[in-house]
Amino acid sequence: MSRMARFGFQIRYGRYANDHVVDLPRAEDARQEASQMCCDMIRDILAALETNPEWRLEVSDESGKPLYLFRFTAESFKHLDQQRAQSRA
């Protein structure tokens, strides 16, 4: 039986932080697990991106070396419309 590797999953969202460790056979399995986590959580975080515009999920190996980063951001371009209106005035 092959040895399972430990992968750290760190979720950061505004003041919220959640870290946990998952034992998986390969780094590719950790990427797939992180992808599924993102799919499962996206509905919950979309509405809240207005107040905290960035959400991150970082996957690292046993030594803490980052392997994958999933990041969602929400940006508003209203300020560009306001700048355009001011420059025309």
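A: Trp-55 is buried in this predicted model. Its relative accessible area is 2%, and the cut-off for buried is under 20%. Phe-72 is partly exposed, at 24% relative accessibility. That value falls in the class between the buried limit of 20% and the exposed limit of 50%.

Now the ring geometry. The count of aromatic pairs comes to 1. Trp-55 and Phe-72 form that pair, with ring centres 5.0 Å apart. The angle between their planes is 40°. The pair counts as tilted because stacked needs under 30 degrees and edge-to-face needs over 60.

Next, the location. Trp-55 sits in strand β3, residues 54-60. Phe-72 belongs to strand β4, residues 66-73.

The setting is a protein with 2 helices and 4 strands. Their order along the sequence is β-β-α-β-β-α. The protein is more spread out than a compact globule, because its radius of gyration is 18 Å, well over the 12 Å that the globule rule gives for 89 residues. The C-alpha trace spans about 70 × 25 × 20 Å along its principal axes.

Of the 89 residues, 24% count as buried, and Trp-55 is one of the buried residues. Among contacts with a separation of 6 or more, 45% come from residues 24 or more positions apart. The accessible surface is about 6700 Å². Carbon and sulfur atoms hold 50% of that surface.

Terms used. Residues numbered from 1 in each chain as written. Predicted model: local features only at pLDDT ≥ 70, side-chain atom pairs only at ≥ 80, totals over all residues. Heavy atoms only, no water. Rg over C-alpha atoms; globule rule 2.2 N^0.38 Å. Buried < 20%, exposed > 50% of the residue type's maximum accessible area, 1.4 Å probe, protein only. Contact = heavy atoms within 4.5 Å. Areas by Shrake-Rupley, 256 points an atom, 1.4 Å probe, with all protein chains shown as cover. Phe/Tyr/Trp six-rings, centres within 6.5 Å; stacked < 30°, edge-to-face > 60°.
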